[in-house]
Amino acid sequence: MDPSALSSPELQQFLSEEKERAMLKEVVAKLTSSCWDKCVTGTPGSKFSSSESNCLAHCAQRYMEMSAIIMKRFQSMH
C-alpha cells in the first residue's frame with residue numbers, strides 16, 4: 001500500500017464517518033440497555049404495554065436530550 005494513501009482526504013473522510021457510525025451505535029446500545037432495564041419490568045409479550053411504551057419513549061427522549069447537553073458542554077471546553 002502506498003504510504004501517501006494513508007493521509008488522503010478520502011481516507012480521512014471515510015475514517016471520520018466510520019468513527020461517527022461507531023459512536024452512534026454505542027449511544028443507541030447504551031440508550032437501549034438503560035431504557036430497557038428501567039421500563040421493561042417483566043417478560044415482554046408480542047408488544048409492549050402502554051406504560052412500557054410511554055416509559056421507553058420518555059426515557060429515550062431524556063437520554064438524547066442529556067447526550068446533546070453533554071456534547072455541547074464538551075465542545076465548549078475545547
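Lysine 30 forms a salt bridge with glutamate 26, and their closest N and O atoms are 3.0 Å apart. Here a salt bridge means a side-chain nitrogen of Lys or Arg within 4 Å of a carboxyl oxygen of Asp or Glu. This is a predicted model, in which local features need pLDDT of at least 70, side-chain atom pairs count only at pLDDT 80 or more, and totals for chains, interfaces and linings use all residues. Residues are numbered from 1 along each chain as its sequence is written, and side-chain values use heavy atoms, with hydrogens and water left out.

How many salt bridges does the structure hold? There are 2. Besides the bridge between lysine 30 and glutamate 26, arginine 21 forms one with glutamate 18. The general idea is simple: side chains of opposite charge can pair when their charged atoms come close.

| Salt bridge | Closest N and O atoms |
|---|---|
| Lysine 30 and glutamate 26 | 3.0 Å |
| Arginine 21 and glutamate 18 | 2.5 Å |

Lysine 30 and glutamate 26 are 4 residues apart in helix α1, so about one helical turn separates them. Arginine 21 and glutamate 18 also both lie in helix α1, 3 residues apart, which is about one turn of the helix. Helices are DSSP runs of H or I with at least four residues, strands are runs of E with at least two, and both are numbered from the N terminus.

How open are these side chains? Relative accessible area tells us: under 20% is buried, over 50% is exposed, and anything in between is partly exposed (1.4 Å probe, protein chains only). Lysine 30 is partly exposed at 46%, and glutamate 26 is partly exposed at 44%.

## A pair of rings

The structure also holds 1 aromatic pair. Its partners are tryptophan 36 and phenylalanine 48, whose ring centres are 5.8 Å apart and whose planes meet at 70 degrees, so the pair is edge-to-face. The rule behind that name is that rings of Phe, Tyr and Trp (its six-membered ring) pair if their centres lie within 6.5 Å; planes under 30 degrees apart count as stacked, over 60 as edge-to-face and the rest as tilted.

What does the pair tie together? Tryptophan 36 lies in helix α1 (residues 9-39) and phenylalanine 48 in the loop between α1 and α2, so the pair ties together parts that are 12 residues apart in sequence. Tryptophan 36 is partly exposed, with a relative accessible area of 36%, and phenylalanine 48 is partly exposed at 36% too.

Leaving out residues up to four places away in sequence, tryptophan 36 touches Leu31, Pro44, Phe48 and Leu56. Contact here means heavy atoms within 4.5 Å.

## A buried glutamate without a bridge

Is glutamate 52 buried or exposed? Glutamate 52 is buried, yet has no salt bridge. The nearest side chain of opposite charge, lysine 47, is 11 Å away. For this count, Lys and Arg are positive and Asp and Glu negative, while His and the chain ends are not counted.

Glutamate 52 sits in helix α2 (residues 50-77). A polar atom of its side chain lies 2.9 Å from the backbone nitrogen of serine 49. Apart from neighbours within four places in sequence, glutamate 52 is in contact with Cys39, Val40 and Thr41.

## Before helix α1, and across the chain

Serine 8 is found in the segment before α1 and counts as buried at 18% relative accessibility. A polar atom of the serine 8 side chain lies 3.2 Å from the backbone nitrogen of leucine 11. Leucine 11 itself belongs to helix α1 and is partly exposed at 24%.

Leucine 11 and phenylalanine 48 are 37 residues apart in sequence and 43 Å apart in space, C-alpha to C-alpha. Glutamine 75, in helix α2, is exposed at 58%. The C-alpha atoms of glutamine 75 and leucine 56, which are 19 residues apart in sequence, are separated by 28 Å.

Finally, an unreviewed UniProt entry places the feature "domain: Tim10-like" at residues 13-76. UniProt positions follow the numbering used here, feature names are shortened, and annotations may be inferred rather than shown by experiment. The span of residues 13-76 is 84% helix and 0% strand, and its end C-alpha atoms lie 24 Å apart.

Definitions and conventions. A polar contact is a pair of N or O atoms within 3.5 Å; within protein, one must be able to donate a hydrogen and the other to accept it, and residues adjacent in sequence count only if both atoms are side-chain atoms.
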